[in-house]
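Dear colleague,

The model we discussed is below. My notes on the two ligand sites follow it.

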Amino acid sequence: MRAYRGKSVFGGIAIGKIQVLGRVEKQVKRTRTEDAEGEILRYRQAAEAAADQLTALYEKALREAGEEGAAIFEIHRMMLEDGDYRESIENMIHTRQVNAEYAVAQTGDNLARMFASMEDDYMRGRAADVEDISRRLLCVLQGGQEQGQSFSEPVIIVADDLTPSETVRLDRDRVLAFVTVHGSLHSHTAILARTMGIPALVGTGLSLDGTLDGKTGIVDGTGGTFYVEPDEETMGRMRQARQEEQQQQELLRTLRGRENTTLDGQNILLYANVGNMRDLAAALQNDAAGIGLFRSEFLYLEREDFPTEEEQFRIYRSAAGAMGEKRVIIRTLDIGADKQCGCLQMEKEENPAMGCRAIRVCLTRPEIFRTQLRALLRASAYGKIAIMYPMITSVWEIRKIKEIVEEVRMRLRARGIACGEPEQGIMIETPAAAIISDRLAKEVDFFSIGTNDLTQFLLAADRQNAALDAFCDPRHPAVFRMIEQVVENAHRAGIWAGICGELGGDPELTRDFLAMGVDELSVSPGRILPIRKIVLETDVSRYRETWQKNWE
Ligand code: PEP
Ligand code: MG
């Protein structure tokens, strides 16, 4: 058995035969032409045909992978039609009297080299896009047909790297997974793979020496390992894991697309909690009606320096784009306590869970907050983003936040930058916020109850301390009473209230939350469908008749 570690693009387990995908590179010869105008015309016709192909690919990807997955082909078309790109090719044909193929290949190589040498990760990733466009143009110029990759049996694709169009052209019914030697997690191919839900690993560094073809492989997308000729123990373990996954898939198939409506007609929103774009794909796959908690601090935790406004903007915009019409609730930086981050250089605190964390960092270091708000307000022009503030305890905090938001919005607008009017809500995760939720409800658009922190503060039991597990019980009556009270106060003020703490994802409590009138549960993506099943089977009014509030 051989095992290779790679970067996981998409989770899941695939077992099957390995198919190494070689790319047939056609030779491009430089030839002298006497008819430069004729060559330019050939190039223009090829560019038109390539644009048609990209439109068809866009439509295919839109059907299979949604808007975010399809966006790359729109970008390719824009790059293809870009004035500088066209001009550079036509100039080369004209001034050097060369054939169209040569001018396309040279321009593509130069641009790809330029992108590849850039500092910015995102820009470096664009090198593959330029190569993809040149390859497409060359294929048309050389009279080639765009081939869909088809296989006689389901296979694990192993390749040096895959361009976005190669990925989307794969015959999905026959592709179990893919593994690449190179490739970055930021590439559009990776985004596409995630959205399409194909288990995938990139950057495995394995050598494509021709001994892999036809061998049995296992892609453990969750664990990040690619096994070649697995031993019996590994095979058994992976089969077991795959079986569990298939049971979940089964549930998926029957429940996808159903409304979350109880037998007696009560609706509840089932949203997903996510920490990054990868989780977002899982949210879509599990039919989330929205994102109830996007933990934005993970963008800060994964690095040593601050994410810039631009970097944040791009992430928030793609999150909104991926979810389309669905609400995406992005929680502002919730740093501190267990989530320490190098770039903030925070003072060491005696009791960080009750220290300068979350909204307190934002209000005491407003430059950090303003950067995030600018990114959020700009991104909200592209989708249904809502902003949520963590660790609120007082009315003045919200008023201050709203003042800052207004000021940021005005400054953006003064510079002619588009920004939206996102809903603004708060987390109810401190006892103070729960107790004054009647007053807080008048200030905001929604509540989301953070039972993880609410439990630790109500019970005075550190959620990080494993020795306190028995004492830090989220099913404590005090927590349930608080939830009931918060929901009631929200409804009185005409706003909605959800739960995004872990308790909301406990299927044993779904009926109780329905009976309390909770409007939304935001849970880990894998929990959505099991909870939907309970919702569909519940008659809330009957349940209420015999409801033993075991916390009373
Ligand atoms: C919570 O406190 O319940 C919550 C959802 O936030 P976090 O777990 O990120 O603190
Ligand atoms: Mg919290």
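A backbone N or O atom of Asn452 lies 2.8 Å from an oxygen atom of ligand 1. I count a polar contact as a pair of N or O atoms within 3.5 Å. Polar side-chain atoms also approach oxygen atoms of ligand 1: one of Arg295 at 3.0 Å and one of Glu429 at 3.0 Å. Taken alone, ligand 1 exposes 290 Å², and the protein buries 98% of that (Shrake-Rupley areas, 1.4 Å probe).

This is a predicted model, in which local features need pLDDT of at least 70 and side-chain atom pairs pLDDT 80 or more, while totals for chains, interfaces and linings use all residues. Residues are numbered from 1 along each chain as its sequence is written, chains are lettered from A and ligands numbered from 1 in the order written, and side-chain values use heavy atoms, without hydrogens and water.

Of the 14 residues around ligand 1, Arg331, Lys339, Gly450, Asn452 and Arg463 come nearest (a heavy atom within 4 Å counts as near). Helix α16 gives the largest share of this shell, three residues. Helices here are DSSP runs of H or I with at least four residues, and strands are E runs of at least two.

Glu429 (OE) and Asp453 (OD) coordinate the magnesium ion, ligand 2, at 2.0 to 2.1 Å. Donors are N, O and S atoms within 2.8 Å of the metal (3.2 Å for Na, K and Ca); water is not among the atoms, so sites may look incomplete. Glu429 is in the loop between β13 (423-428) and α14 (431-435), and Asp453 is in α16 (residues 451-458), 24 residues apart.

Regards

Key
Polar contact = N/O pair within 3.5 Å; in protein donor to acceptor, adjacent residues only side chain to side chain.
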